[in-house]
Amino acid sequence: MTEETNDARTLLDEQIRYYRARASEYDATSMPPEGPMAASLRRVQAAVAALGIRGRVLELAAGTGQWTELLVQTASELTAVDASPEMLRLNADKVRDSSVRYVVSDVFELEPRAEWDVVFFSAWLSHVPSSHFAAFWTLVGGFLAPGGRAVFVDEAAPGLGGETWLDERGGVVHRELSDGSRYRAVKILWAPETLVERLRELGWDAEVEADGVFLWGSATPRIDGGVL
């Protein structure tokens, strides 16, 4: 393991501790229903719904269920994963659907079984360190059944998370909770064209859009020049 990768793993562990500690206040602080980003969120939800997320769905970094409660409406099977058991308890209380399978796990510790038609993640890609980006997409590809795809949503503008930069070039921010405790987290914001090109280099065909507030899109792995 390189020094950069080891440092990134330490940062990811601190990020997990942050989200565990933030769980009880997450919904109130991340996306209030009538907050300034509510209209943009509704547009993104409509755009994602138009992608037709059906079949067996794996949701990574599911959090408190802001997307889980939408995904369960169209998925034939839904598994929601998060490293925070506190987040998943709130998710289950919100979604209240016994068909959803909940798994407490660090994303990078999941076994890549090729059984999912869609792998979905929101507000997660920006939390993946540069040193782990390729490994993450290899993992996503390992989750997908033939013909499967990844669908994702994230921030497209800085400052939405209420953070202060520690290292903007390196993608590290400070986040503060209501009790005054502070944690480091990864924050890497992607421009649509840059993300499409980076994924192409890793063997994915992607379509990505943004509205100035959010970024969303889908990606399909290529096999030997074709589509898996």
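Rings of Phe, Tyr and Trp, the six-membered ring in the case of Trp, are taken as a pair if their centres lie within 6.5 Å. In the model, which is predicted, the count by this rule comes to 15 aromatic pairs. One aromatic cluster is formed by Phe 108, Phe 121, Trp 124, Phe 133, Phe 136, Trp 137, Phe 152, Trp 190 and Trp 204.

The ring centres of Phe 121 and Trp 137 are 5.7 Å apart and the planes stand at 70°, so the pair is edge-to-face. This pair links distant parts of the chain, with Phe 121 in strand E4 (residues 116–122) and Trp 137 in helix H6 (residues 133–143), 16 residues apart. Phe 121 and Trp 137 are both buried. For Trp 124 and Phe 136, the ring centres are 6.3 Å apart and the planes lie at 65°, so this pair is also edge-to-face. Here too distant parts of the chain are linked: Trp 124 belongs to the loop between E4 and H6, Phe 136 belongs to helix H6, and 12 residues separate them. Both Trp 124 and Phe 136 are buried.

Thr 79 is located in strand E2 (residues 75–82). Its relative accessibility is 5%, and Thr 79 therefore counts as buried, the cut-off being under 20%. When residues up to four places away in sequence are not counted, Thr 79 touches Val 57, Leu 58, Glu 59, Arg 101, Val 103 and Trp 116.

The largest pocket has a volume of about 840 Å³. It is lined by 45 residues, of which Tyr 19, Tyr 26, Gln 66, Ser 122 and Ala 123 are the closest to its centre. Two or more lining residues come from each of helix H1 (3–22), helix H2 (26–30), helix H3 (38–49), helix H4 (68–71), helix H5 (85–95) and strand E5 (144–155). The most is given by H1, with six residues. The lining of the largest pocket comprises 18 nonpolar, 15 polar and 12 charged residues.

The second largest pocket holds about 260 Å³ of space. Among the 14 residues that line this pocket, Ala 8, Leu 11, Pro 129, Gly 170 and Val 172 are the closest to its centre. H1 and strand E8 (182–186) each supply at least two residues of this lining, and the largest share, four residues, comes from H1. By class, the lining of the second largest pocket divides into six nonpolar, four polar and four charged residues.

Notes: Residues are numbered from 1 along each chain as its sequence is written. This is a predicted model: local features need pLDDT of at least 70, side-chain atom pairs count only at pLDDT 80 or more; totals for chains, interfaces and linings use all residues. Side-chain values use heavy atoms; hydrogens and water are left out. Buried means under 20% relative accessible area, exposed over 50%, partly exposed in between (1.4 Å probe, protein chains only). Contact means heavy atoms within 4.5 Å. On a 1 Å grid over the protein atoms alone, a cavity is a set of points where a 1.4 Å probe fits but cannot get out, and a pocket is an open set with protein on both sides within 12 Å along at least five of seven lines; lining residues have an atom within 4 Å of a point. Grid points are joined across faces, edges and corners, and a volume is the space filled by probe spheres set on the points. Ala, Val, Leu, Ile, Met, Phe, Trp, Tyr, Cys and Pro count as nonpolar, Asp, Glu, Lys and Arg as charged, and the others, Gly among them, as polar. Rings of Phe, Tyr and Trp (its six-membered ring) pair if their centres lie within 6.5 Å; planes under 30 degrees apart count as stacked, over 60 as edge-to-face and the rest as tilted.
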